[in-house]
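Please read the points with the sequence and the model at hand.

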Amino acid sequence: MNPTPTSRPQRVAILGSTGSIGVSTLDVMARHPERFQVAGLSAWRRIDELAAQCRQWRPRHAVVPTDAAAAQLRALLGPAGVEVRVGERALCEMASDPDVDSVMAAIVGAAGLAPCLAAAHAGKRLLLANKEALVVGGALFVQAVRAGGATMLPIDSEHSAIFQCLPPDAARWPAFIDRIILTASGGPFRTRDPASFAAITPAQAVAHPNWVMGRKISVDSATMMNKALEVIEARWLFDLEPSRIEVVIHPQSIIHSMVVCRDASVLAQLGTPDMRVPIAYGLSFPERIESGASRLDFSAMAGLSFEPPDAARFPGLRLAYEVLSGAEGDSVVLNAANEVAVESFLEGRIGFPQIHAVNVGTLAALAGKGPPPAGLEDLLDLDARSRDVARSHAARLT
Ligand code: NAD
Ligand code: MG
């Protein structure tokens with residue numbers, strides 16, 4: 001693993017700096033100005049917020065999606081010395097810039113794949129929040145990390161928890177791990193009558209009981225597709241057979257996940273549900289720094305409970321295991337279908353139960369059909385075809 005640079009501040013590029021993870025990352029970094037510098041920032045919308053971040057942090061680069069957004073940002077910043085650049089290529093260049101030590105991948109969706117791969121090839125410390133990129137990239141992503149000599153540090157709270165329970169040397173993991181248990185809160189509809197799921201509104205679906213997050217991951221938590229994506233993410237991060245990845249519902253979100261060791265010992269990582277904890281660990285690994293999160297108060301804790309996921313209530317979870325036992329591109333199809341379905345739901349074009357219908361329909365049309373993706377272009381091509389199929393499926397449901 002690449003050592004943390006200790007003699008000078010760590011230079012961090014944040015892809016998706018205006019999102020929930022991006023803002024929390026800057027919050028942790030602001031607590032340690034001697035340790036961290038912002039080397040680059042990027043946003044898709046909310047250019048005013050990006051401008052405010054640029055004024056505060058003075059990064060060398062800022063990346064936006066369009067020329068119009070670049071003009072807006074330049075007008076807001078004036079001659080501030082920030083180089084404003086446009087588009088995916090600029091994101092990839094920022095992620096692989098020699099003046100960047102660490103890349104926080106906090107874009108949502110498969111849109112983050114290309115810059116993640118660029119960071120992997122360039123041997124960066126890659127702080128991976130963008131789970132969809134790993135779900136879509138799969139084996140190719142892991143190969144790029146290995147070939148580039150990059151260090152991948154999980155930011156997703158469950159995967160950070162598992163990583164924190166494991167020995168630092170990944171070569172020891174196979175002999176150490178019997179299985180892992182990903183915890184899931186069960187989201188806002190864990191106890192709601194499934195007969196009323198058709199009436200769920202986007203506002204209800206994004207109101208997560210324990211975590212404040214971006215809209216897409218909040219809907220994924222409500223369907224438990226988030227946990228399905230996390231099963232696939234764990235398969236690649238920890239090189240585990242899917243049969244050794246379990247999911248348990250733990251509504252309090254205090255235990256963030258567990259490792260069952262070969263000797264039947266169970267190791268868990270606990271904490272308040274605050275993403276600044278895994279973010280701080282990714283930034284400071286292998287050390288520990290103040291994250292800003294409040295401490296657990298065991299004397300005030302009513303109890304920790306566990307239940308198996310209800311397959312009828314959360315049918316999306318099994319799709320993770322189906323695609324992992326299917327053809328190589330099937331995870332790409334599932335992820336693309338789900339991104340389209342969630343967007344359609346958030347825009348009020350389909351109902352909540354139809355998210356699963358779009359996912360199943362798209363998989364039925366495309367899973368196992370094509371040759372295995374051989375590179376980024378193949379992945380993006382399959383992603384685009386899957387989105388087309390998912391869109392027409394969603395249109396038939398409206
Ligand atoms: P968010 O929607 O709050 O922020 C997404 C960021 O990406 C924004 O800065 C946005 O401008 C940018 N972006 C959106 N679409 C883009 C595109 N097409 N191209 C380039 N940039 C784009 O999302 P979030 O909740 O911060 O989640 C980010 C990632 O982290 C997701 O993959 C999510 O699954 C993962 N994650 C989030 C949390 C959380 O607590 N929020 C927890 C675990 C994992
Ligand atoms: Mg998670």
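In what order do the 4 strands of the open sheet lie? The numbered points begin with the answer, and they concern a predicted model.

1. The open sheet has the strand order β9-β8-β10-β11, and its pairing is mixed. Its edges are formed by β9 (245-249) and β11 (266-270), each of which pairs on one side only. On average, and with direction ignored, neighbouring strands of this sheet are turned by 20 degrees against each other.

2. Within this sheet, strand β8 (residues 177-184) and β9 run parallel and are joined by 5 bridges. Leu182 stands opposite Val247, a residue of β9. Helix α11 (residues 225-237) lies across both β8 and β9, and the helix runs at about 155 degrees to β8.

3. Charged pairs form the next topic. Side chains of opposite charge can pair when their charged atoms come close. A search of the whole structure finds 31 salt bridges. One of them links Glu339 with Arg387, with the closest N and O atoms 3.1 Å apart. Glu339 belongs to helix α14 (residues 330-346) and Arg387 to helix α16, so this pair ties together parts that are 48 residues apart in sequence. Both Glu339 and Arg387 are buried.

4. Arg387 also forms a salt bridge with Asp383, and here the closest N and O atoms are 2.9 Å apart. Both residues lie in helix α16, 4 residues apart, which is about one turn of the helix. Arg387 counts as buried because its relative accessibility is 15%, under the 20% limit for that class. A salt-bridge network elsewhere joins Arg8, Arg11, Arg60, Asp97, Asp99 and Asp101 through shared partners.

5. Asp383 itself deserves a separate point. Its place is in helix α16 (residues 376-397). With a relative accessibility of 9%, Asp383 counts as buried. Which residues does Asp383 contact, leaving aside its neighbours within four places in sequence? They are Ala110, Val332 and Ala336.

6. Arg385 and Asp381 are 4 residues apart, about one turn of the helix. Are these two residues buried or partly exposed? Arg385, at 39% relative accessibility, counts as partly exposed, and Asp381 is partly exposed as well, with a relative accessible area of 42%.

Note on methods: Residues numbered from 1 in each chain as written. Chains lettered and ligands numbered in written order. Predicted model: local features only at pLDDT ≥ 70, side-chain atom pairs only at ≥ 80, totals over all residues. Heavy atoms only, no water. Helix = DSSP H or I, 4+ residues; strand = E, 2+ residues; numbered from the N terminus. Buried < 20%, exposed > 50% of the residue type's maximum accessible area, 1.4 Å probe, protein only. Contact = heavy atoms within 4.5 Å. Salt bridge = Lys/Arg side-chain N within 4 Å of Asp/Glu carboxyl O. Pairing = 2+ DSSP bridges. Axes fitted to C-alpha atoms, helices over the stretch in contact; angles between N-to-C directions.
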